[in-house]
Amino acid sequence: MKFPSVFRTAAPMRFDIKPRYYDPVREEIEQRTSLIKRDLEAQGLLDKGDVTSRDIGSYGAGIRGSFAQHKGIKERDGVNMFASTAMIRTFIFLLLLGSIFGYVYLGPVIFEYMAYVVVLVAAIYFFFRLKPKKKYE
């Protein structure tokens with residue numbers, strides 16, 4: 001069982017390299033093909049709107065449609081709100097802040113009051129946690 005931590009620990013970074021494949025013959029063929037297409041379009045033998053010519057504007061439709069399916073941030077299902085690290089950090093921060101201000105205004109008696117509150121909260125928590133669940137809910 002992992003105890004919740006107040007501090008974030010750095011996770012090791014994974015090394016993932018994706019090799020690029022460079023084919024000089026294929027690149028030369030593509031350059032020659034584009035040069036011949038430009039020459040044929042300049043002579044009028046090939047239409048500019050031909051299906052075989054690549055159109056940079058065709059990429060825009062895919063980008064526009066990809067953002068239409070965004071549904072926002074997903075809610076976590078079945079995750080206990082009090083188990084999150086951010087919530088635990090917030091409780092610890094509020095406990096420290098309350099103890100500092102209580103010590104300034106009430107003196108050392110604040111620690112007694114805080115101990116009573118902690119025991120009361122722990123008792124309520126364990127009462128609901130250990131209470132048997134009904135079968136037909």
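Helices (H or I, at least four residues) and strands (E, at least two) are DSSP runs, numbered from the N terminus. The model is predicted: local features need pLDDT of at least 70, side-chain atom pairs count only at pLDDT 80 or more, and totals for chains, interfaces and linings use all residues. Residues are numbered from 1 along each chain as its sequence is written, and side-chain values use heavy atoms, with hydrogens and water left out.

The protein has four helices and zero strands. From the N terminus on, its elements run α-α-α-α. Of its 137 residues, 4% count as buried (under 20% relative accessible area; exposed is over 50%, partly exposed in between; 1.4 Å probe, protein chains only). The accessible surface comes to about 14400 Å². Carbon and sulfur atoms hold 64% of that surface. These areas come from the Shrake-Rupley method with a 1.4 Å probe; for residues, only the protein chains shown count as cover.

Helix H1 covers residues 24–43, 20 residues in total. From first to last C-alpha it reaches 29 Å, close to the expected 28 Å (the expected span is 1.5 Å times one less than the number of residues). Just after H1, Gly 44 takes a positive phi of about 90 degrees. Helix H3 has 22 residues and should span 32 Å at 1.5 Å a residue; its end C-alpha atoms lie 31 Å apart, which agrees. Gly 107 follows H3, and its phi is positive, near 90 degrees.

H3 (residues 85–106) packs with H4 (residues 109–130) at an angle of about 140 degrees, with the axes 8 Å apart. Axes are lines fitted to C-alpha atoms, for helices over the stretch in contact, and angles run from 0 to 180 degrees between N-to-C directions. H3 is therefore oblique to H4 (under 35 degrees is roughly parallel, over 145 roughly antiparallel, 65 to 115 roughly perpendicular, the rest oblique). On the H3 side, the contact (heavy atoms within 4.5 Å) is made by Leu 95, Ser 99, Gly 102, Tyr 103 and Leu 106. H4 contributes Val 109, Ile 110, Phe 111, Tyr 113 and Met 114. By class, eight of the contact residues are nonpolar, two polar and none charged.

Leu 95 lies in H3 and, at 42% relative accessibility, counts as partly exposed. The C-alpha atoms of Leu 95 and Met 114 are separated by 8.6 Å, at 19 residues apart along the chain. Ile 88 is also found in H3. At 22% relative accessibility, Ile 88 counts as partly exposed. Ile 88 and Val 6 are 82 residues apart in sequence, but 7.7 Å apart in space, C-alpha to C-alpha.

Terms used: Nonpolar A, V, L, I, M, F, W, Y, C, P; charged D, E, K, R; others polar.
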